[in-house]
Amino acid sequence: MSADRLFNLGFDLATTISILALVSIGLAITFGMRGIINLAHGEFIMLGAFATLTGVRQGLNIWLAMALSAAIVGVFGIVVERLLIRWLYARLVDTMLATWGLSLVMVQVVENVYGSVTEGIAVPVGDFSVGAYSMSSYNLVLMASAVGGVVVTYVVMRRTRYGLHARASVQSPTMAESLGVNTSRINMWTFGFGAALAGAAGALLAPLVGVIPTMGQTFVARSFMTVIVGGPAFVAGPVSASGLLGFVENVSTNQFTPVIGQAMLLIAAIVILRFMPQGLTGRRSLR
Amino acid sequence: MSANPSVTGRRARRHIYRLAVAVAALALTAAACTSSDDADGPAAETAGAADAGTSDTAAETTETTTVDTSDDDEETAAPVDTEPIRVGSLLDETGPLNIYGTPMADATRLAIAAINAEGGVLGRQLELVALDSKSDQAEYIAGADQLVAEDLAVVHAGITSASREAIRPIFDEAELLYFYNVLYEGGVCDRNTFVTGVVPTQQMQVLIPWAIENLGPRLYVLAADYNYGQISADWVQEYAAAHGGEVVGEDFFPLDVAEFGTTVSEVQDASPDAVVSLLVGGAHMSFYSQYAAAGVNADIPIVSTTFGLGSEQVALDAASAEGIIVAYPYFEELDTAANAEFVAAWHSEFGSDYPYITDLAAYVWEGWHLWADAVNAAGTLDRDAVIAQLESGVSFDGPKGTVTLDGGSHHLIQPVSLARANTSNGFDVFETFENIPPTFEQDVCDLIASPDTNEQFTP
């Protein structure tokens, strides 16, 4: 295999993994930290994409619009947590039902505002060539953002007071509360943080996909699979699962066909969960 | 009290995980189902569609009146009868398929209003019973049953092929005349069913020779992985071979694939003269963005028989869409007096900021007018008389020009135009071919000679 083809393969692989990590890390936080199965996760991604679209159309710089979108979706997440989620902690099935309902409402509201088809935005950077292959420079942005998202999450959760309190609230809520941690407030921030990461993923994907109200469905299944395969560790989980699943999908798509790529992805997930029912990081407890 | 909190905690967590796995599995299936519906704009899997529906939920009635007008003399159209003629429509106005359904539903209302404004049918006004199938296969079955019970003169319904194959037998059984106004994979041959949509052979016989002559003989096919994509890909092979071209690569994509990095590389590997896109639906839109983001669109142009059906040229930014060549019977930009009038009527009804009047909208418009003209010419609503009239080769001059019903195949002979996506989210039409016949359907289907045929032929 020629050097340029090899580089190209690695580049595609890194892109696939980055996208998986981006769309799943927000979900990993709400699920891993709080056990909330947020079925509106795809719609949070969609909201981020629409916020970016709107920002750009209003004349904002695209990078600024993306950053704002993450913040907007984060705030939206906080509102959702206060109004909906906080009544439902430890009621798994109820949260699923509530967030699923929320996802339907979000799709319809966005559709009523924007219509079923709305104008897309351009990829803000150009392309580059290595040997015979032309590649999108924007994919480098995706990779950098995925790494950035992981690092930010790690730092927030491990190096800040909020992170300490958040982990304490998960491990032993009663003990944390008796030591003066406002767990209800902490839960609110955690959900907001997860939502902001979903919003950032949507913002970053906006130039690369068709931004339509139903786009969340394309990503939600993938994010869930990644998070479940990854297991409860909110940083190591999605990172390891994105890497593994992305590798399986990309290589089998490349060697065979896209259909087999999709099938192999599912088979890999099933096999992993058969032997590691709690995911790749299942044996590690939250600390 | 629990003796060992950490053990119960772990058990609880394991329980959560089991549930979560179940949810993920559910989400995946749901995504697969909806996105397969989602994508089926131009038709879908035909087999097993009918058994999807044992729904008990009736589709929502949006415009029915509560007045019962089921007098029997409606059928015979007594001259003194001034009761409205009730007609039905069943389309996906909500849910993911509404990128196709919304313009079709709007076209339905506009067509009914226009026919009524011109004096109606047999001197009577039309009254529309419009149901929303909500992008849900089960709603189609329930909706079709409801329409059958409504005592209607005709039904124009269905978007995906799966939906058509689910409801077509219901209308056959009820002897309720049925129009299917959608671009699809072709081959339906049924005396009770009339199709106004274009079929692959009509687009391919225009697009593929043009691509080979103007871009080069080596084609790379990217297709949605269901029967529309599979059948269309076969037609590309056939037309390419017939015109001195060859297919150098072929990839099929499940409908929820939204990442095309590997594909963009493989296309570059094969370095064809053109890419033939038969991609369908919201997720597949991503291909065009990612192809353009890698800068390949400048070197290897795309031709397509599906791009634009879901208003892709609007949803994508202009730089990704620009230069893609498509072949359809209708474009909003068609430069004819009839179309200018049609577009003006559309904009005055639905607002001048309407995203795009799609090809599908034009089939709906023609379907209703062909039916209305045939009933007026037959002088009766009697189904056999109307079918005989339609089979006599009726024509209609609509926004795209003259379309003629091919009596034997129940498909339309219609113009097909080539157009290039431009930088303002629209198309520039550059060549129009009149009277393009549905060759495959004409070959396999003759309902005048054998009216009892009822099947979908595949190449």
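This is a short tour of a predicted complex of two chains, stop by stop.

**Before you start**

Residues are numbered from 1 along each chain as its sequence is written, while chains are lettered from A and ligands numbered from 1 in the order in which they are written. Because the model is predicted, local features need pLDDT of at least 70 and side-chain atom pairs count only at pLDDT 80 or more, whereas totals for chains, interfaces and linings use all residues.

The predictor gives the complex an ipTM of 0.86 and a pTM of 0.82.

**Stop 1: chain A**

Select chain A. Eleven helices and two strands make up its list of elements. Helices here are DSSP runs of H or I with at least four residues, strands are runs of E with at least two, and both are numbered from the N terminus. Follow the chain along its sequence and the pattern reads α-α-α-α-β-β-α-α-α-α-α-α-α.

The C-alpha trace spans about 65 × 50 × 35 Å along its principal axes. A compact globule of 287 residues would have a radius of gyration near 19 Å, and chain A agrees, with 19 Å. That radius is taken over C-alpha atoms, and the globule rule is 2.2 Å times the number of residues to the power 0.38.

Of the 287 residues in chain A, 55% are buried. Buried means that 20 or more other C-beta atoms lie within 10 Å of the residue's own; exposed means 12 or fewer, partly exposed is in between, and the C-beta atoms are placed from the backbone.

**Stop 2: A:Phe50**

Select A:Phe50, in helix 2 (residues 41-57) of chain A. Is A:Phe50 buried or exposed? A:Phe50 is buried, because 26 other C-beta atoms lie within 10 Å.

A contact means that the C-beta atoms of two residues, placed from the backbone, lie within 7 Å. Then pick A:Ala206. It sits 156 residues from A:Phe50 along the chain, yet their C-alpha atoms are separated by 7.7 Å.

**Stop 3: chain B**

Switch to chain B. It has 14 helices and 17 strands. Of its 459 residues, 58% count as buried.

The mean is 84, and 83% of the residues reach 70 or more. Two stretches to find are residues 1-9 and residues 28-79. Over residues 1-9 of chain B the pLDDT is below 50, and this stretch has one contact beyond near neighbours in sequence. Over residues 28-79 of chain B the pLDDT is also below 50, but that stretch has 127 such contacts in the model.

**Stop 4: two domains**

Colour residues 50-198 + 334-413 of chain B as domain 1 and 201-328 as domain 2. These bounds come from an automatic or database domain assignment. The centres of the two domains, taken over C-alpha atoms, are 31 Å apart. Their contact takes 14 residues from domain 1 of chain B and 13 residues from domain 2 of chain B. On the domain 1 side, helix 2 and helix 12 (359-378) of chain B each supply at least two residues.

**Stop 5: helix 8 of chain B**

Select residues 285-293 of chain B, which form helix 8. How many of its nine residues are buried? Nine of the nine are. Among them are B:Phe287, B:Tyr288 and B:Tyr291. B:Gly295 follows the helix, with a positive phi near 75°.

**Stop 6: where the chains meet**

Show both chains. Their contact takes 50 residues from chain B and 51 residues from chain A. Helix 1 (5-39) of chain B gives the largest share of the chain B side, 14 residues. Helix 8 is one of the elements that each supply at least two residues to that side. The chain B side divides into 27 nonpolar, 15 polar and eight charged residues. Ala, Val, Leu, Ile, Met, Phe, Trp, Tyr, Cys and Pro count as nonpolar, Asp, Glu, Lys and Arg as charged, and the others, Gly among them, as polar.

**Stop 7: the core**

Last, select A:Ala49, A:Val73 and B:Val236. They have the most contacts inside the largest nonpolar core, which has 229 residues. Such a core is a set of buried Ala, Val, Leu, Ile, Met, Phe, Trp, Tyr and Cys residues joined through C-beta atoms within 7 Å. Helix 1 (residues 3-34) of chain A gives the most to this core, with 13 residues. Domain 1 and domain 2 of chain B both give residues too, so the core lies between them.

Finish on B:Val236. Leaving aside neighbours within four places in sequence, its contacts include B:Met204, B:Ile208 and B:Val276.

Conventions
pLDDT is the predictor's confidence in each residue, from 0 to 100.
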